[in-house]
Amino acid sequence: MASSAGRIFCAALLFSVGCFVSSIFTGLAYGHSASSYYPRKWKIDLSVPYQFSLSIPDHLKDNIREQSAKWNSLDGELSLYADGTAQGVGYGNCVELTYQENFLYWADIDGPGGTLAREYTCHFLESDPDRIRVSSIQYDREENWHYGTDASGSNEISFRGVALHEFGHMSGWVGHFSASSDECSGSGPYHTMCANPNQSGDGWKSLEQHDKHTFNAAYPGSGGPTLVGDGALSRRDQK
Amino acid sequence: MGLAKKAKIAAMSWAILLLVGCVGSGPRLSEGPTPARAGTPSASGAPIGPGVANGEWVRRSKAHRFPKPARYRCEDDDCAGSASFLRLRTPRSHDRVDIVMTFTIEYRATGGDALLQPGIRRVDGGGRPSMEPGDFHLTQTDRTTTTVSWMKEGLRAGGRAYRFGVGFSPAMPAFGEPIASLVVYRFTHVVDVTPSSDQH
């Protein structure tokens with residue numbers, strides 16, 4: 001009996017060690033970790049609203065909602081949801097906003113080409129400097145955007161892809177996969193969190209393996225509705 | 001601006017510099033009213049901050065030293081920054097007050113300039129008055145300390161509560177630079193409130 005229990009214990013131990021070693025090599029193979037891409041995160045209330053500023057054209061709103069829903073579909077504990085339209089105070093403004101006033105803007109950035117869109121994250125210092133408090137996104141209205149789900153034409157940029165990419169940054173993702181990495185230059189699918197859309201401009205339209213597991217490592221799934229503060233349902237789950 | 005007002009601001013600036021000189025080895029984080037001179041009303045019991053008594057001026061200040069230097073960066077389409085805030089309720093006894101906000105930051109900026117943004121927001125919502133002279137660019141430099149001041153004259157008082165903020169972040173990367181980075185070691189944030197000469 002004791003011998004049998006010992007064999008079971010040893011088998012379990014070997015399995016655990018094997019899993020541990022495997023996870024190390026898997027991590028090395030991927031060449032990235034959640035902590036390096038998510039040095040700061042949303043915390044406590046992980047149901048994060050964003051508001052369309054008055055500059056966002058109506059025809060873009062459903063398109064944008066679809067892209068945040070793709071991140072939400074990963075079933076991480078973070079969810080990003082549209083919460084109406086309001087007067088924004090300006091991209092990158094950390095001092096005139098309060099917690100979770102997260103605005104999206106449609107604005108001139110640098111004309112066609114160059115920067116397609118950009119995201120700005122604010123971290124306040126009251127209690128936890130690594131906690132994200134406010135985020136804003138700006139899309140460059142001067143780009144030659146393609147809004148459909150079909151392939152973009154030559155010299156067109158998929159708005160859906162760019163919107164998906166920027167929500168990755170809104171989630172707290174800092175930086176990008178290296179341009180020379182398998183995620184961005186290999187034979188496999190082109191990842192959304194590469195620095196640039198691929199040559200056809202359609203490279204960012206879906207979340208791929210390493211987009212997903214990096215996000216899920218930062219925000220593991222909770223499996224249920226999000227509770228906030230005193231245990232009340234989050235604003236998203238009340239809807 | 002009258003000479004008397006200039007003299008008042010100059011006096012405040014010297015007082016601020018003295019304060020800044022004193023906080024170098026101060027606590028990691030402290031926040032509270034700093035009476036400008038004996039006789040200024042205490043803020044004890046005030047939920048947001050001190051009021052202003054007739055003929056007096058009041059300072060609210062915060063010194064923050066990061067346990068490890070805080071790093072913020074802008075890379076391509078992805079940028080991060082932070083902000084410091086002080087809350088203060090204006091006196092019910094005055095319709096208008098003048099504000100001088102001073103921010104001293106020990107920092108290092110690489111790959112481009114850094115940006116300091118002042119901001120005022122009413123705590124109970126509503127207006128966002130601007131401060132002069134607005135955003136301030138810190139040129140990229142190795143580790144150094146800089147002090148910047150902003151003013152707001154004739155801010156509506158009468159008991160209104162405000163949040164006074166200074167945002168800090170890298171500006172966008174300079175041409176040819178992939179990443180702009182701002183490293184912050186410590187800062188002091190001071191707000192001085194005086195009754196405005198124009199109460200209407």
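Of the 200 residues of chain B, 42% count as buried, a residue being buried if 20 or more other C-beta atoms lie within 10 Å of its own, exposed if 12 or fewer, and partly exposed in between, with C-beta atoms placed from the backbone. The structure is a predicted model, in which local features need pLDDT of at least 70 and side-chain atom pairs count only at pLDDT 80 or more, while totals for chains, interfaces and linings use all residues. Residues are numbered from 1 along each chain as its sequence is written, and chains are lettered from A and ligands numbered from 1 in the order in which they are written.

The secondary structure of chain B consists of one helix and nine strands. Helices (H or I, at least four residues) and strands (E, at least two) are DSSP runs, numbered from the N terminus. Read from the N terminus, the order of elements in chain B is α-β-β-β-β-β-β-β-β-β. Two residues are in contact if their C-beta atoms, placed from the backbone, lie within 7 Å. Among contacts in chain B between residues at least 6 apart in sequence, 80% join residues at least 24 apart.

One residue of chain B, B:Y107, may be followed in detail. B:Y107 is found in strand β4 (residues 96-110) of chain B, and it counts as buried because it has 23 C-beta neighbours inside 10 Å. Leaving aside residues up to four places away in sequence, B:Y107 touches B:A114, B:L138, B:L182, B:V183, B:V184 and B:Y185. The C-alpha atom of B:Y107 is separated by 8.2 Å from that of B:T146, although the two residues are 39 residues apart along the chain.

The two chains meet where 22 residues of chain A are in contact with 20 residues of chain B. On the side of chain A that touches chain B, the largest share, eight residues, comes from strand β4 (residues 117-124) of chain A. By class, this side of chain A has eleven nonpolar, eight polar and three charged residues; Ala, Val, Leu, Ile, Met, Phe, Trp, Tyr, Cys and Pro count as nonpolar, Asp, Glu, Lys and Arg as charged, and the others, Gly among them, as polar. Strand β4(A) pairs in the parallel sense with strand β3 (residues 78-89) of chain B over six bridges, where two strands pair if DSSP finds at least two bridges between them. Within β3(B), B:D78 is the bridge partner of A:E119.

In chain A, helix α4 (residues 159-170) has twelve residues and reaches 16 Å from its first C-alpha to its last, close to the 16 Å expected at 1.5 Å a residue; the expected span is 1.5 Å times one less than the number of residues. Helix α4(A) is mostly covered, with twelve of its twelve residues buried. Just after α4(A), A:G172 takes a positive phi of about 115°.

Most residues other than glycine have a negative phi, and most peptide bonds are trans. A:I44, in the loop between α2 (34-37) and β1 (47-53) of chain A, has a positive phi near 70°. A:I44 is exposed because 10 other C-beta atoms lie within 10 Å. For A:N155, phi is likewise positive, near 70°; this residue lies in the loop between β6 (145-146) and β7 (157-158) of chain A. In chain B, the peptide bond from B:E132 to B:P133 is cis, with omega near 5°, and B:P133 has its place in the loop between β5 (114-122) and β6 (136-138).
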